[in-house]
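Dear colleague,

My notes on it follow directly after.

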Amino acid sequence: MTEDLVAAGAWYDVSPSAARLSGSLRDIGYDFPTAVADVVDNSVAAGATRVEILVEYDGTDSRVFVADDGLGMSPSALLEALRFGTRRGYSRGELGRYGLGLKTASLSQCRLLTVVSRSSKAVVRTCARALDLDLIEEWDQWIIVDPSNADPAVARARQWLAEGTGTVVIWQLLDRVLPEKRPEGGWARRRLDALAVRTAEHLGMVFHRFIEGTAARPQLVITVNGQKVTPWDPFASQEPATVELPPQRFEIESAGSVGKVALRRFVLPSRDRFKDPAGFDRLSGPLNWNRQQGLYVYRADRLVQWGGWGGIRGIDEHTKLARAAVEFDTDLDAAFNINVAKMRVTLPAQLRQFIEPSVNELCVLADDAYRKTSRGKSSSVPADLGAPAEVRAVSQAAANAGLALRMAAMQVDQWSAWEQIEAVVRRQSPEVAELLGLGAV
């Protein structure tokens, strides 16, 4: 029927107003760090091994550069990349999703987005295009223009690309970043400095697996204003006292196919069991220990959401040492209902049912570890205080054995029986119970 209407000429073009829609898309939900992270997604997709971010204060001429050494883009590919809702497809594992990220992330912070790119290693030739909101609003058309050759920011970008392929994204006219009043004041400078620090912390968290590198993937170096970004591993994997439970895998259906989800569970050490107390403070994260507990959702190894238990259970002081990684690939995007900014997901109901027993098991162990620490702190004579290193090692080994026995009881679905065993041990051999970390009667 639709084809008949078109053939008869009974159809009407209702293309949206470019001025109105481009303005609305600025409010999709980004803040400065998440907007930068979305641009870095494109660098990762382009195979970059180094991404340099510069946040430069210069009054109303302040600007942001995101430069990478990736594959770069041809003129036609660059033009397509600046299209709202690009026509290009995304293969499995690519961080892109809707074809909006580069534009919506950038324009959420600035009014002038310029991209300079070089795709040939043999020929030093760059292409540059700009998306100017002022022009779009004036003409009410979806237009891309060539940037001014007199723009020093574009000249700097071309110099960056003189050594090889890559792309430089430039944000100018930072109306959403600089204060509307007195953009040249000291407060504006301090604001940009603070945003640079927050951005480095955010990138260290969401891209920590890329920065750490793996055997299958080269290490990604990210710098912010010349300083290397430090990866933030939410699971304290390098701490000897961190306990990881056996990993699990689940299959869920999405769009007629079956995808796999991995679950990894960790009980983090208490402060007194960290190698360095400063490490414990750093692992508290941006939300602090209580709200930082819970599920860390990874999409193609990129962290997209963290904190809370996804509706499975509530936040509890006693389970603040419990954290778990939920890992899925881009083939399950629809099932997880990932948003345009790639910052929020919804756990599929089917997956929540699968992982609920595993999450509860993790929280029981974390609760036990927390209470054991509390008992040690409240004791009038702290355990092992002043004892030789060999004695402390034996005590720690016994406590680890107690934790391992609890884990084993849960894994074989014998928790009720274990509770009875604990009660008998506490009653008949309280000194053994204390050594195993079971506490007193």
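In these notes a contact means heavy atoms within 4.5 Å. By that criterion, residues 24 or more positions apart account for 68% of the contacts in the protein with a separation of 6 or more.

Please note that this is a predicted model, in which local features need pLDDT of at least 70 and side-chain atom pairs count only at pLDDT 80 or more, while totals for chains, interfaces and linings use all residues. Residues are numbered from 1 along each chain as its sequence is written, and side-chain values use heavy atoms, with hydrogens and water left out.

Confidence

The predictor's confidence in each residue is given as pLDDT, on a scale from 0 to 100. Its mean over the protein is 86, and 85% of the residues reach 70 or more. Over residues 378-386 pLDDT stays under 50, and the model has four contacts beyond four places in sequence for this stretch. Where pLDDT is low, the predicted coordinates should not be read in detail.

Overall composition

The secondary structure comes to 16 helices and 13 strands; these are DSSP runs numbered from the N terminus, with helices (H or I) of at least four residues and strands (E) of at least two. Of the 441 residues in the protein, 49% are buried. Buried here means under 20% relative accessible area, exposed means over 50%, and partly exposed lies in between, with a 1.4 Å probe and protein chains only. The accessible surface comes to about 22,200 Å², of which 52% belongs to carbon and sulfur atoms; the areas come from the Shrake-Rupley method with a 1.4 Å probe, and for residues only the protein chains shown count as cover.

The structure holds zero disulfides, a disulfide being a pair of cysteine sulfur atoms within 2.5 Å. Cys110 is buried, with a relative accessible area of 0%, and Cys127 is buried as well, at 7%.

Strand S6 and its partners

Strand S6 (residues 221-224) is covered on both faces: Val221 and Thr223 on one side, and Ile222 and Val224 on the other, are all buried. Strands are taken to pair if DSSP finds at least two bridges between them. Strand S1 (residues 50-56) pairs with S6 in the parallel sense over four bridges, and Thr223 in S6 is the bridge partner of Glu52. S7 runs antiparallel to S6, joined by two bridges, with Gln227 of S7 opposite Val224. S6 and S7 form a hairpin with two residues between them, and Asn225 in the turn has a positive phi of about 50°.

How far apart are the end C-alpha atoms of helix H3 (residues 32-45)? They are 21 Å apart, which agrees with the 20 Å that its 14 residues should span at 1.5 Å a residue; the expected span is 1.5 Å times one less than the number of residues. Because 12 of its 14 residues are buried, H3 is largely enclosed by the rest of the structure. Among the buried residues of H3 are Phe32, Val36, Val39, Val40 and Val44, along with Asp38 and Asp41. Gly47, which follows H3, has a positive phi near 80°.

Helix H8 (residues 186-206) has 21 residues and reaches 30 Å from its first C-alpha to its last, close to the 30 Å expected. Its buried residues include Leu192, Leu195, His202, Leu203 and Met205. What covers the buried residues of H8 includes H3, S1, helix H9 (208-212), S6 and strand S12 (302-306).

Individual residues

Most residues other than glycine have a negative phi. Ala236 has a positive phi near 45°; this residue is found in the loop between strand S7 (227-228) and strand S8 (243-244) and is buried, at 7% relative accessible area. Asn288 also has a positive phi, near 70°, and is placed in helix H11 (residues 288-292). Asn288 is partly exposed, at 49%.

Arg406, in helix H14 (residues 389-411), is buried at 3% relative accessible area. Arg406 and Glu422 are 16 residues apart in sequence and 9.7 Å apart in space, C-alpha to C-alpha. Asp331 lies in the loop between strand S13 (322-328) and helix H12 (333-336) and counts as partly exposed at 32% relative accessibility. Asp331 and Ser254 are 77 residues apart in sequence and 8.2 Å apart in space, C-alpha to C-alpha.

With kind regards
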